[in-house]
Amino acid sequence: MNAIEIKNINKSFGDTQAVSDINFSVKKGELFGLIGPDGAGKSTLFKILTTLLIPDEGNATVSGFDTVKDYKRIRKIIGYMPGKFSLYQDLSVQENLNFFATIFGTTIEKNYHLIKDIYVQLEPFKNRRAGKLSGGMKQKLALCCALIHEPEVLFLDEPTTGVDAVSRAEFWEMLKRLKAHGITILVSTPYMDEASLCERIALIQEGKILQIDTPQNITNSYSKPLFEIKSHDFYQLLKDLREEPFTERVEPFGEYLHLTTNSDISSNSISEILEKKGHTQIEINQAIASIEDVFLDLM
Amino acid sequence: MENNAITAIGLTKKFGDFTAVNAITFEVKKGEIFGFLGANGAGKTTAIKMLIGLSRPTNGQATVAGFDVFKQTNRIKENIGYMSQKFSLYEDLTVKQNINFYGGIYGLSRKKIIEKTASIIENLNLRSYANKVVGDLPLGWKQRLSFAVASVHDPKIIFLDEPTGGVDPATRRQFWEMIYEASNNGITIFVTTHYMDEAEYCHRVSIMVDGKIEALGTPRELKERFKVNSMDDVFIQLARG
Amino acid sequence: MLRIFLAFVKKETFHILRDTRTLVILFGMPIALVLIFGYTVTNEFKDASISIIDQSKDNLSHEFVEHLTASGHFQLTNLPNNINSLDGEFKGGNVKMGIVIPPNFEKDFFKKTPVTIQLITDASEPNYATTLTSYASQMIFSFQKKYSKSAIPPYQIETEIRMMYNPKLIGAYNFIPGVAALILMLISAMMTSLTIAKEKETGTMDLLLVSPLPPMLIILGKIMPYVVLSFIDAVLVFAMGYYIFEVPIHGSLALLLSLSLLYLTVALALGVLISTKAATQQAAMMVSLFTLMLPTMLLSGFMFPIASMPWVLQYISKIVPANYFVQIQQAVMLKGAGWESISHPILILIIMVFVLFAAAWKNFKVIYK
């Protein structure tokens, strides 16, 4: 049995179609990523799966329970970390954690093994009010609160948004350790670079799933010729390449531009053309596609 | 000095016992895209607030667009634009009304406002949206409009506080093109971001850790100094200490 | 279950104790309201300027004028000859009340024919005007009593009061029940609707819903601390009324307090109902103010008599819970009534509790559409 099963889910708010015809399943113990920008429909899907929202069409199950009919059963076995920081800002770290343990009928001691790695980092601040924590710490506390009752399935809606790169890296290490406890994790993120840390991902944009597979298979599926290029004048290079007939797409990617061509033009000929346009210090290599390249291509 | 858009020397801000910004010294050249990076809680926001005249430094000195952050905060405000992660647009006003409003508060003449409104709508390709309320615009367009509005009074420096959080990759790139274009036109850009690939787009970056600037240089220099391949790794090495 | 419930109560108590604003509203507001109403509405006044139009000019009328001015409350400004001149005096603001003594005052009085003394006030300050007339009426009454001791049947002076507006006489006896009804309604209903709306606004409500907690427990856990606090407020208001403004409690204190608890429950149910509809604290606040505060102040009969309102308002006033609570308090505190004589308002409040909780329950979303 799959941990999560989603069939033909549709949901609209007024005229806005939030998610349309979503189908996918998450295996037990899997770390599954829902990758897409703000407004793609990720939070709506999370609310449906966490039994907060009734879909217009279709149905979904979590651990075999229907999200509408058996919502009470689901609420006992899931942990949810909403997109917005949703803890009591005026309660301390310890008080928040105690409260959530109690309402799930458990104690911190009982499931301490699950949160230990995270909680040791929070411990020095345990008497601080949650509202006074830094972004990274808030996120760790929210994860602790979502974990404290040992859920079977964990729903993390954009846990790393607005959090710095270090805290994000630490957060993902924690998720990997949780996976080792056998917890199924559905996590959403707008950061494409985090996709490779999931076992399988679904790319979502404007309420529709673009592709579902392992990150590796998704990047391998990029079949067009791709180069990374830079020269002394980055902005001019971008404008010049955009004019070329062989260019299908050109986008800044870190210190390079990623150029997707529509014909089999060699890197040498591109280099020559650029030199003629007055570019110096040209560097051009064949590039391996990233999730972000695929996403840009599918959009 | 004349070539610097921003000069900060030993700029410090203390809240009681806590030193949020600890004697930071740096300069930003005119027309530069300067990336101001740091972990959450490293003191970035406090530093920006001092530079844009919203918070009085405890110590040190700084000039922004040639004006002193202690004595001439009003002159600073006339010469800078500011865009935060929460778009500073009124969702229930139309595109035109928003531009008019911001033109108005910066004291542009009627004629100038009409000109600006026309050119912004033209440049952003917003003609069909001009009389629609901003709340109905797609996120990417809101963001670009927000940038245009922040520069409606032709500021010398534009401060961008995490302008691209949560935005899709294509929109993010369109946004950066606006930044390049502004920089090409001689406007200085001071930007914070959590996307490390965006750090690579900056001419120079500084990285703040616990209130201090721990590294400052071009992305290439920093990667060479830390012997790593990406800004992500530079950042993680520094912030982890 | 009890442990969970207590965890809730504990959490809610932390929220309240850590928010100075809430504390100020909870305890500062009742005290301030009682004092403001107490001293602005019923405070003694001195030297209010009056005109007396003495149309009989006999010994008794002179004695009467003497009696009025000797008290120190009223200062005689002038003695015009006709009523029409009063208008100018009022407009100039020199005079606050005119007292008209009818012709043949002495003769009629001792003949025991009813005499009517007219009190005409500048009711542009209605509260002040009411207070003036009630003082004047009392003094007329005491004047008549002086002569009545030996006379049977008693001498009769009737007062005829004319005002532009016609508020009921407000005295401490009247305002304590009214203020108690207002405060308890505001604190219980507004604070509960705010606290639930706050959980929605910050997103914590979603976390609670996604837990196995029965929604009823969420609601009860949230309102319980407010029941206790509002009850303390009720005691506070009654105590202030008793010790500062000398409002007696003739009836059973236990009955008064338990009926206060009943009224509180109505208010809390209203608060929960509002919060099921309001998504933000701001919305909850606006709805509370408009649907609770204004009707409670204006339509509960403590400021303006319901009997003289247009029938639409009279009709609406029947669904204002404060109305019944004011009746209950007046009966228990002032008349010393037992529960039998106020069973009607009690029954209505009980019905309200059930209807409101049922409506709140129906509207409380466990899953959003």
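This is a predicted model: local features need pLDDT of at least 70, side-chain atom pairs count only at pLDDT 80 or more; totals for chains, interfaces and linings use all residues.
Local features were considered at pLDDT of at least 70 and side-chain atom pairs at pLDDT 80 or more, while totals for chains, interfaces and linings use all residues. Residues are numbered from 1 along each chain as its sequence is written, chains are lettered from A in the order in which they are written, and side-chain values use heavy atoms, with hydrogens and water left out.

Chain A is divided into domain 1 (4-219) and domain 2 (226-298), with bounds taken from an automatic or database domain assignment. The centres of the two domains, taken over C-alpha atoms, are separated by 37 Å. In domain 1 of chain A, 14 residues are in contact with seven residues of domain 2 of chain A (contact: heavy atoms within 4.5 Å). The area buried between these domains is about 820 Å², of which carbon and sulfur atoms give 85%; buried area is the accessible area (1.4 Å probe) that two parts lose on being put together, summed over both. M192(A), L210(A) and T219(A) supply 61% of the area that domain 1 buries against domain 2, more than any other three residues. Across this interface there are zero salt bridges (a side-chain nitrogen of Lys or Arg within 4 Å of a carboxyl oxygen of Asp or Glu).

The contact between the chains takes 34 residues from chain A and 30 residues from chain B. Chain A and chain B bury about 2500 Å² between them, with 57% of it on carbon and sulfur atoms. D164(A), V166(A) and Y235(A) supply 23% of the area that chain A buries against chain B, more than any other three residues. Four salt bridges are counted between the chains; in the one formed by E292(A) with R172(B), the closest N and O atoms are 2.9 Å apart.

Strands are DSSP runs (E, at least two residues), numbered from the N terminus. L226(A), E228(A) and K230(A) lie on one side of β11(A), and F227(A) and I229(A) on the other. Four bridges pair β11(A) with strand β13 (residues 256-261) of chain A in the antiparallel sense, pairing requiring at least two DSSP bridges. I229(A) has L257(A) as its bridge partner in β13(A). Strand β14 (residues 283-286) of chain A also runs antiparallel to β11(A), joined by four bridges, and there E283(A) is the bridge partner of K230(A).

Technical notes: Buried means under 20% relative accessible area, exposed over 50%, partly exposed in between (1.4 Å probe, protein chains only).
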